[in-house]
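Open the model in a viewer and keep the sequence panel at hand. The stops below are given as selections, each followed by what is found there.

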Amino acid sequence: MTGPKIILIFLGLLLGSNGIVNGQHQDKADSLKLLLAENDTLSSLSKMSILAQIAAYSSSPDEVLLYANKLHEMASSHKNTGYIIEGLQSRGVAYRLMGNLKKALESLFSSASLAIENGEHKRLTTTYLEIANTYVANHDLKNALLYNKKAVNIIRQYGDKEQLAINLLNTGYSYYTLNELDSALLLYNEAAPIFDTIGLEIGKAYTVGNKALVNWKQGQYDRAEKGLLRAIDMLGPLGDQFGIADYRNKLGRIYAEQGNTDEAIRHTLKALTISRDLDMKEQVRDACLLLSELYSTKQDYAKAFDYQSRYVVYKDSTENSETTKQLANLRTEFEVSVKEKEIALLEKRQLQNRVYIIAVVFLLLLAVLILLYFRQRFLNARLIVEKQHQQHDEKIRNLLNAQETKALQAMVHGQEHERKRLSHELHNHFGSLLATIKVNMNAIDEKAISNYHTLNVLVDQACADMRNLSHSLNMGISDNFGLVPALRELTEHLKQANQLEVEFAASMCQQQLDAQNEITIYRIIQELVSNVLKHAEATKLSILLTCFDEENLINIIVQDNGKGFNVEDVERTKSGMGLKSLKEMITNLNAEIRFDSNPASGTTVNIDLPVISTTLN
């Protein structure tokens, strides 16, 4: 069943990739390698994080293997289970890309065993899917199905409903191809109510159609016919011509098996028309083969031979003796059925005036060339119009983005101004007021007030709190201070005030950043550090700042060794005000933010932030 298989694979892609590779990006891999080489003071945790990212971003299988081995070696020496599992996963992917499937499976099985031992469910799911991909590369569908089922079992516990339903549908199709019909039907029945709940119409349609195919294989022709017709009606409004073509082909087969040749021809011709329009070669091949058989049954050998010839054009390159024999028999039947008069006419036409034939061929070629010329001109004109529309739309988007950026910068500037105003107000007014109270208290006889000592201590504490609050509000980037010095001051303050081991490394742009960009970056890092202090219970904190000049991009990595949190729970529930404000700021800046957190290795927040230098402004 070629069409539904294609659509099911497409549905699976709607969930996003579950592989360990985040996407090839050699520029980022090269920048991270440079950062790793230039910073000898990085902690082992930071180095392992960078090694994992290089293995993920690199487009070279040899380089993926090199950094996967380095990650595995370092993680093993520091007994970091999470990064050991990821190192083994990356090594397995590298070997599969190199074509060494045996070594790929050895690494992936080791990764899976370690993930099971340490309860790493998310990483175990990824490993199972990579094992299934390796078996698919070896055309071993049974073993691929086995590990897809293992992944589905984990999704049942930790995934969402849409993931589960689509994977059930895909796994059921694998059972169907292996002719394990009861297992396929069981998974289809489980997927159906989930699709009804989430309202995914295309999933409903394919569940109905695929269940009908199982009924067909079981000999239940009436149920199969009704189910396929219903699936076709459901796919029509969705515009899914792929599935409609395949289901009509299968209807043709069902009617042919029941001896209803005319109805079989009608559905198969519709399938052929759709498949030809969409250039679905496998569907065209199947339809032509079925039509050849149907017209042969009707003893219409001319059409049977015509469709058999089309089938040969579209079939796979590998010939088999049975197909060759069938073609020879059909051709013989066709030649016997041709009348002697038609043969004589054919021979007479071959003796016609060659000059006339050459003239006709020349005119046809000339007409084709003229048609192609005007067709190309029409296509060029349409491309020019489309390009002009795209340029116009791009200008409008650029104007809107510029306006949003100005509004965001104004907001950040206003927040910074308000912080400074409150800081000065607290220091100058309330600080002076408390100092006056302190002076007046010193003038009072201690014996005159019974709780004089307590009041004196409270006033001293209020003065200290007022100074600290004022300093905290005003702490940040001054007009002539700069981002990196401000962050260094922040890390020093954290070391002294919180007894926290803090590491800071920065690889900045060649051109100076705009002041508003520096303030925005500082506030983002300040908010992330605040979350670590409030919730992580960490003893180590790492702040990495990397600039990519060619992309006008700043990469921020804040990493701790704290207790971590469940990223999926945070995404599903309402976040705290700090995280909510940070996400809104990131979204408005057209930036990307990613979280990776678990109890074994703590939390890593990775942000890619577009910036503009002062010279570009």
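Start with residues 245-278, which UniProt lists as "repeat: TPR" in an unreviewed entry. The model is a predicted one. Over residues 245-278 the chain is 88% helix and 0% strand.

Next, turn to the aromatic rings. With ring centres paired when they lie within 6.5 Å, the count is six aromatic pairs. Select Y206 and Y247 as one of them: the rings are tilted, with 6.1 Å from centre to centre and 50° between the planes. Show the helices as well, since this pair links distant parts of the chain. Y206 belongs to helix α11 (residues 201-217) and Y247 to helix α13 (residues 241-257), 41 residues apart. Are these two tyrosines buried or exposed? Both Y206 and Y247 are buried.

Now select Y295 and Y307. This aromatic pair is stacked, with 5.7 Å between centres and 5° between the planes. Y295 lies in helix α15 (residues 281-297) and Y307 in helix α16 (residues 301-314), so the pair ties together parts that are twelve residues apart in sequence. Buried means under 20% relative accessible area. Y295, at 8% relative accessibility, therefore counts as buried, and Y307, at 10%, does so too.

Two further ring selections follow. Select F109, Y128 and Y147, which form one aromatic cluster. Then select W216 and K217: the charged end of K217 sits over the ring of W216, 5.1 Å from the ring centre.

In the model, residues 355-374 are 100% helix and 0% strand, and the end C-alpha atoms lie 29 Å apart.

Stay here and display the side chains of Y356, I357, V360, V361, L364 and L365. Together they form a nonpolar patch on the surface, with about 560 Å² of accessible area. Which helix holds V360? V360 is in helix α19, which covers residues 354-442.

Note on methods: Residues are numbered from 1 along each chain as its sequence is written. This is a predicted model: local features need pLDDT of at least 70, side-chain atom pairs count only at pLDDT 80 or more; totals for chains, interfaces and linings use all residues. Side-chain values use heavy atoms; hydrogens and water are left out. Rings of Phe, Tyr and Trp (its six-membered ring) pair if their centres lie within 6.5 Å; planes under 30 degrees apart count as stacked, over 60 as edge-to-face and the rest as tilted. Helices (H or I, at least four residues) and strands (E, at least two) are DSSP runs, numbered from the N terminus. Buried means under 20% relative accessible area, exposed over 50%, partly exposed in between (1.4 Å probe, protein chains only). A charge sits over a ring if NZ of Lys or CZ of Arg is within 6 Å of the ring centre and within 35 degrees of the ring normal. UniProt positions are given in the numbering used here, feature names are shortened, and annotations may be inferred rather than shown by experiment. Patches are made of residues with over 30% relative accessible area and no salt bridge: like charges are joined within 9 Å, nonpolar side chains (Val, Leu, Ile, Met, Phe, Trp, Tyr) within 5 Å. Accessible areas come from the Shrake-Rupley method with a 1.4 Å probe; for residues, only the protein chains shown count as cover. A salt bridge is a side-chain nitrogen of Lys or Arg within 4 Å of a carboxyl oxygen of Asp or Glu.
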